[in-house]
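Please examine the model shown below. The paragraphs after it proceed from the chain as a whole to individual residues.

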Amino acid sequence: MYRRQQSEELPHDLALSINRILDLNTSPESDPLDVIGDSFNVVQVLNEYFPNEESLGQLDVVQAQLTQDEQDLRDEIAKLQDEIQSIQEMFSDLLRQMSLIRERATESEAIVRNVTRDIKVLDLAKNNLTLSMTTLKRLQMLVNALSQLEDYVKDKKYPDITQSLSAVKQISASFKPYTSVPRIGQLWKRTQELQGEIRTLLESDFDSYYLQTPNSPKPATITAACTTADILGPDVRAALTTRYSALLLAEYRRVFRLTDEAGHLDNISRRYAWFRRILGTHESGLGRAFLPEWKVGWWLVAGFIDITRGDMAALLSKAGKDLTVTVLLDALQQTKDFELSMAKKFGASLQDILQETSPTPARPLQSITSCFEPHMGVYVQHQDKAIADLLAPHRGSKPRASLDTNQSHSAADDAEQTTVVVHPSSTELFYFYGQTLEGCATLSTGKPLFELLEVFKKWLRVYAEEVLMSQMRRTQPLPRRSADVRYDQNEIKNACLVINTAEYCQTTAQELEEKVRQRIHGEFKERISLQTECDLFISVASAAIIILLRELEAVCEPALATLTRTTWMNHELVTGKSPYIDDLVRALEGVTDAIVPLVESKKYLRNFFDKASSLVFTRFTHALVRSRPLKENGAEQLLIDLSALKSCLLKLPGEALITPGYTRSVTKTTQRLEALLKVVVTPQDPAEGFILNYTLLIGDASFSNFQKIIDLKGTPRAEQNDLLDYFVTITSTKPELEQTSFLTALDMDPPTTSALGLTSPNGSRVALPGTGAGEALFGTISSPPLSNTPSGADTPPRGDAHATKQVFSDIRRLMSFAVRRDTAPQ
């Protein structure tokens with residue numbers, strides 16, 4: 001077989017050109033020699049022609065065929081060359097024809113241009129002639145109109161002057177581009193001079209009419225003159241009305257000078273009475289001659305407001321600290337009434353009147369009331385003092401008797417007949433706020449209203465801290481005997497009253513915020529917020545809830561003390577629930593029955609029950625740990641007691657207040673305590689079964705947590721070492737176990753004091769979080785929070801809640817165990 005070690009290929013560009021010219025067929029059925037490209041392989045083609053040695057016998061035939069193909073290609077190439085030559089000759093002929101056409105088109109264009117040149121000249125001449133004739137005609141009309149206007153001006157015929165002046169201004173406007181022409185320039189100058197003469201004539205006649213001289217024009221003449229003034233331009237109208245206003249208000253400046261008694265601040269009513277009289281004189285007298293669209297009354301009001309505002313600003317600044325709130329409010333109220341009456345009289349807002357009559361529309365005149373705003377601090381200070389006087393009887397450590405619930409039994413009996421839901425002082429305060437807000441909003445909706453809100457916020461904070469909180473301060477807890485399960489009824493009533501009042505204040509403060517935002521000026525809207533004060537009232541309610549929890553804890557303490565003193569290691573017979581559980585249940589039901597009717601808000605009642613359940617479980621766990629060793633029988637008895645306690649807590653809120661979150665929280669905490677007690681109940685012999693039960697119920701491989709269990713069981717120290725060895729060995733083979741569990745947070749040396757950690761919310765400032773100050777202290781066996789369950793029992797564990805899984809080697813566990821044994825107390 002013919003083979004070559006290296007194939008030779010034609011250049012890529014050459015192969016593409018040959019294929020394009022010959023239009024070779026590249027289908028698989030075609031001759032391999034017809035495909036010439038990058039993939040052409042000479043060796044492969046030869047192998048296709050001669051696949052074996054026998055095919056070499058066809059060599060002559062193949063050579064003859066290739067020779068014939070070569071000859072055919074040469075013939076075809078020669079034919080194509082002839083065709084290319086013919087095409088090139090055709091292209092040359094086409095280019096000559098195109099050149100000829102271009103030359104003829106140029107000649108035709110030149111001919112057309114010569115023919116239309118004369119026509120364009122004639123059209124231009126026609127347009128110029130038409131424009132000249134029109135301009136001359138308008139010029140003649142302007143000359144005639146100027147001549148007539150001069151005659152009308154001499155005779156003071158305002159109706160004719162108006163008509164002629166309008167025509168002159170309209171015609172002369174078309175000649176403005178031609179003022180460089182001497183004759184037209186003269187006419188333009190004369191037109192301006194005539195307009196000046198007419199304006200002088202108008203001012204003279206209007207002055208004569210204003211002063212009512214013997215030769216004063218008649219009102220009809222003035223009315224016609226008003227139309228003429230409108231033709232001259234709006235500046236003429238403004239000048240005439242301004243002069244008229246100045247003449248009428250000249251006496252006002254003289255009568256009400258600041259140095260005279262009439263110009264004092266307490267005589268401001270005389271100013272407004274004077275202007276109303278002048279306005280009436282204007283409307284029934286001289287004002288009838290003016291056109292209605294001139295709005296001369298608007299100009300009079302604007303002029304009076306401008307002068308009066310300057311006088312008021314000067315008087316208020318001069319008064320300084322001597323300015324009393326009575327004088328200020330009286331003057332401001334009369335000013336508001338005057339401005340409203342003027343707006344109502346003319347059927348437009350005062351701002352529109354001042355905007356239209358202002359000399360500079362970009363900076364309109366301001367109202368008289370605007371000059372009072374810088375001095376409204378006197379009013380705000382007065383309201384500040386009024387609120388201070390209102391709250392003075394309720395502030396301090398000894399509030400007034402109507403608010404003090406720690407009274408005699410007779411007073412308590414009277415209070416039962418007339419139940420007070422909230423402190424009367426809170427309703428008094430917000431009623432005063434509402435009245436003051438309405439009064440201030442009618443006077444000003446700008447900075448004074450914002451400053452008044454700041455005063456409101458200050459006294460809300462004072463009310464929360466110095467009134468409500470002071471109701472809960474107790475210098476010393478009431479003494480209780482160890483067996484005393486009675487609660488302080490006055491303390492509970494007072495705390496419930498504070499909760500209701502705090503919620504009322506929070507809700508009303510939110511309504512107050514919305515009302516102020518609706519009334520105040522736009523630039524202050526984004527700065528309106530009473531959220532801090534609302535949060536403060538929530539904190540006050542939380543502090544009151546802690547007072548209730550303190551009472552609950554106090555009445556539960558005797559029963560829990562009995563649990564602590566019980567010797568479980570000698571407990572042999574397990575029957576029903578223990579007697580202390582009955583005492584505990586009665587104590588819980590007694591306190592909650594006293595609290596529920598007194599608290600209006602279900603939200604705070606649910607919050608109380610959440611924290612109460614957490615507190616009870618915390619105190620129960622503390623007592624359980626302090627009563628160790630438990631032994632198996634003791635733990636079994638505690639399981640029965642725990643089940644009774646769970647049933648009590650689940651029924652405690654009642655159907656109206658219980659929530660799924662509360663139920664989940666109680667159930668989850670109970671299950672964890674049950675798991676702990678079930679491990680204690682399990683016999684420790686055999687050790688493998690005891691430890692496997694621990695891993696199933698507790699679910700961790702924590703050495704310290706297991707040590708807590710055997711401590712609770714009261715296992716002798718000599719047996720503890722063997723149990724711990726077994727524990728390390730067994731848990732080392734269970735990598736799926738966590739290193740922490742709910743036992744991580746179990747305190748084996750619980751405090752003997754209150755789980756709340758406080759006796760009363762003393763201090764002059766409230767610093768309690770909105771969710772309850774004692775919440776973080778509830779539940780030493782607490783778990784991570786349940787989703788969407790704001791329960792007091794849901795506090796994070798004391799250890800690392802995010803500890804990662806890790807499997808200790810036997811060596812590390814033995815080392816840890818050795819350290820534990822060496823450091824264990826003997």
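The account that follows treats the overall chain, the nonpolar core, helix packing, selected residues and backbone geometry.

The model is a predicted one, in which local features need pLDDT of at least 70 and side-chain atom pairs count only at pLDDT 80 or more, whereas totals for chains, interfaces and linings use all residues. Residues are numbered from 1 along each chain as its sequence is written, and side-chain values use heavy atoms, with hydrogens and water left out.

The chain contains 25 helices and 0 strands; these are DSSP runs numbered from the N terminus, helices being H or I with at least four residues and strands E with at least two. Of its 826 residues, 42% count as buried, where buried means under 20% relative accessible area, exposed over 50%, and partly exposed in between, with a 1.4 Å probe and protein chains only. The accessible surface amounts to about 44700 Å², and carbon and sulfur atoms supply 54% of that area; such areas come from the Shrake-Rupley method with a 1.4 Å probe, and for residues only the protein chains shown count as cover. Among contacts with a separation of 6 or more, 78% join residues 24 or more positions apart, a contact being heavy atoms within 4.5 Å.

The interior can be considered next. In soluble globular proteins, nonpolar side chains tend to be buried together. The largest nonpolar core of this chain comprises 188 residues, and the members touching the most others are Phe 206, Phe 275, Leu 588 and Phe 620. Helix α17 (residues 531-565) contributes the largest share of this core, with 18 residues. A nonpolar core is defined as a set of buried Ala, Val, Leu, Ile, Met, Phe, Trp, Tyr and Cys residues joined through side-chain atoms within 4.5 Å. Beyond residues up to four places away in sequence, Leu 588 touches Leu 552, Cys 556, Val 616, Leu 645, Cys 648, Leu 649 and Leu 652.

Two helix pairs illustrate the packing. Helix α4 (residues 158-172) and helix α6 (residues 219-232) have axes 8 Å apart and pack at an angle of about 10 degrees; axes are lines fitted to C-alpha atoms, for helices over the stretch in contact, and angles run from 0 to 180 degrees between N-to-C directions. The two helices α4 and α6 are therefore roughly parallel, since angles under 35 degrees fall in that class, over 145 count as roughly antiparallel, 65 to 115 as roughly perpendicular and the rest as oblique. Residues of α4 including Ile 161, Thr 162 and Leu 165 meet residues of α6, among them Ala 224, Thr 228 and Ile 231. Ile 231 of α6 is partly exposed, with a relative accessible area of 26%. Setting aside neighbours within four places in sequence, Ile 231 is in contact with Thr 162, Leu 165, Ser 166 and Lys 169. The C-alpha atoms of Ile 231 and Thr 162 are 6.9 Å apart, although 69 residues separate the two along the chain.

In the second pair, helix α14 (residues 424-443) and helix α16 (residues 489-519) have axes that come within 11 Å and cross at roughly 5 degrees. This makes α14 roughly parallel to α16. The contact involves residues including Phe 430, Tyr 433 and Leu 437 of α14 and Tyr 504, Cys 505 and Leu 512 of α16.

Is Asn 705, a polar residue, buried or exposed? Asn 705 is buried, with a relative accessible area of 1%, and is found in helix α23 (residues 703-713). Its side chain makes a polar contact of 2.6 Å with the side chain of Asp 700. A polar contact is a pair of N or O atoms within 3.5 Å; within protein, one must be able to donate a hydrogen and the other to accept it, and residues adjacent in sequence count only if both atoms are side-chain atoms. Not counting residues up to four places away in sequence, Asn 705 touches Tyr 694, Asp 700, Ser 741, Leu 743 and Thr 744.

The backbone also deserves attention. The peptide bond from Arg 628 to Pro 629 is cis, with omega near 5 degrees, and Pro 629 sits in the loop between α19 (602-626) and α20 (631-651). A cis peptide bond also leads from Asp 685 to Pro 686, with omega near 10 degrees; Pro 686 lies in the loop between α21 (660-681) and α22 (687-697). Lys 156, although not a glycine, has a positive phi of about 60 degrees. This lysine, Lys 156, is placed in the loop between α3 (59-155) and α4 and is partly exposed at 44% relative accessibility.
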